[in-house]
Amino acid sequence: MRMRHFEDGIAFARKKDEEDVLFGMRKRFCIQPGELYMDGNSLGMASKDAKESLYHVIDLWEKHGINIWEVENSKYFLYQNFLGDRVAKLIGAKADEVTIMTNTTVNIHKGISTFYHPTKERYKILVDDLNFPTDRYAIDSQVKLKGYDPKDAVKVVKSADGRLIDEDAIIEAMTDDVLICFLPAVLYRSAQLLDMERVTAEAHKRGIIIGWDLCHSIGSVPHDFAAIDPDFAVWCSYKYLSAGPGAIAGFYMNSRHFDKEPGLTGWFGNKNETQFQLRHEFDKDPTAHGWQTGTQPLFSMAPMEGILNIYEEAGMEQIRAKSLDITAYLMYLIEEKLSQYGYSIGNPREDSKRGGHVCLEHEEAYRICKALKENHVIPDFREPNVIRLAPVALYISYEEVYNLIDILAEIVETKAYEKMSHERSLVV
Ligand SMILES: *Cc1c(COP(=O)(O)O)cnc(C)c1O
């Protein structure tokens with residue numbers, strides 16, 4: 001593990017900000033005065049660049065009506081190609097292996113339905129028990145559609161401690177009856193980053209198709225898909241990637257599967273050249289865009305153009321380097337200054353095993369989060385006892401992290417959380 005040197009005190013935090021090569025990116029984001037936004041892993045902060053590209057498309061609609069599809073050399077009819085090529089760079093994939101469409105949940109359906117052709121011998125889908133629930137709902141329903149019972153056909157690797165998944169246990173569970181393995185790259189609660197390359201290689205050794213959910217890694221952890229070489233992947237674009245609430249999601253299909261028939265098809269998956277011949281025979285696009293279905297939502301895509309400008313200027317390697325450093329700084333401060341208040345760290349410590357957020361545990365996590373909001377801090381609570389803190393590299397400063405620690409200490413010291421209700425709100 002890389003040794004880092006940190007010190008207590010605001011002067012040290014300010015020195016770190018002065019040395020931060022990404023500090024200048026902050027002014028591109030819509031930072032709200034007086035607010036500490038620690039929830040960029042749930043919904044990334046708006047940026048001026050994203051707003052600008054969105055307003056541009058709204059203006060084009062106003063001016064051109066139906067002709068919006070053809071202006072700028074048909075850029076908006078082909079927007080998924082144009083933006084997909086750029087997103088592909090974030091994960092080291094080939095340009096035509098990535099498209100953007102729908103949401104993560106639907107893209108899981110698209111990926112699984114393409115590969116799930118069960119036989120008596122091979123019919124199981126291997127998953128873990130810590131993934132986000134929607135992934136599981138999608139997989140269970142795909143299994144049911146083929147007449148199988150998820151209790152039998154969905155094989156679940158259990159976490160030993162409710163925080164981490166053991167890669168050896170996943171590999172051990174890759175038995176001959178497993179057809180597909182589907183896992184998160186980074187676990188949404190504990191921030192554990194799985195060794196994707198190793199797990200993918202082990203799956204392939206056993207003839208198993210493997211898909212990855214990058215929701216909690218895209219835009220925070222660089223991936224090298226050329227080396228990992230998985231079969232498919234999905235992700236959302238509204239977390240670290242900051243493309244806006246409900247922003248269009250991502251989809252990766254390895255080029256070796258371009259000849260496969262998509263499980264769900266639609267006319268936007270047709271070759272562009274023959275799409276408007278409106279024939280009843282599907283003429284599949286020979287790339288990842290063949291998995292497209294219907295008319296693309298331009299307003300859910302446009303902010304991505306702006307935010308990608310920021311990503312390309314900053315570079316994924318720099319983003320990851322700062323993310324690892326600022327989360328390490330946060331962990332250092334938690335251990336130095338918060339242990340006495342009942343706080344502890346629930347994420348892995350090694351750089352190679354953690355994503356972009358810190359999993360802060362406390363038995364009063366829910367009420368502490370409520371008290372944080374009263375203090376103009378936007379945290380993220382996850383049942384039962386986790387406060388997720390994401391010091392997003394592009395817009396969070398070391399000084400903000402330092403201030404956050406003081407607020408966390410004060411809430412427990414003054415028992416401010418005791419005034420809060422235990423009752424859960426609709427969106428926690
Ligand atoms: C955020 C997240 C989702 C969200 O799915 P949507 O279809 O975009 O609502 C799915 N899976 C994981 C692992 C996530 O972290």
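Begin by selecting Ile-100, which stands opposite Gly-250 in β8. The model is predicted, so local features need pLDDT of at least 70 and side-chain atom pairs count only at pLDDT 80 or more, while totals for chains, interfaces and linings use all residues. Residues are numbered from 1 along each chain as its sequence is written, and side-chain values use heavy atoms, with hydrogens and water left out. Helices (H or I, at least four residues) and strands (E, at least two) are DSSP runs numbered from the N terminus.

**Lys-239.** Next, select the loop between β7 (232-235) and β8 (249-253), where Lys-239 lies. The unreviewed UniProt entry annotates Lys-239 as "modified residue: N6-(pyridoxal phosphate)lysine"; UniProt positions follow the numbering used here, feature names are shortened, and annotations may be inferred rather than shown by experiment. Lys-239 is buried, with a relative accessible area of 10%. Leaving aside residues up to four places away in sequence, Lys-239 touches Gly-40, Asn-41, Ser-42, Leu-43, Gly-44, Cys-215 and His-216 (contact means heavy atoms within 4.5 Å).

**Helices α2 and α12.** Now display α2 (residues 48-64) with α12 (residues 298-314): they pack at an angle of about 140 degrees, their axes 7 Å apart. Axes are lines fitted to C-alpha atoms, for helices over the stretch in contact, and angles run from 0 to 180 degrees between N-to-C directions. Among the residues making the contact are Leu-54 and Trp-61 of α2, and Phe-299 and Ile-307 of α12.

**The open sheet.** Move on to the 4 strands ordered β9-β10-β13-β12, which form an open sheet with antiparallel pairing. β9 (344-345) and β12 (380-382) stand at the edges with a single partner strand each, so one side of each is left without a neighbour in the sheet.

**Helix α14.** Finish with residues 365-374, helix α14, which lies across β12 and β13 (386-389) and runs at about 40 degrees to β13.

Conventions:
Buried < 20%, exposed > 50% of the residue type's maximum accessible area, 1.4 Å probe, protein only. Pairing = 2+ DSSP bridges.
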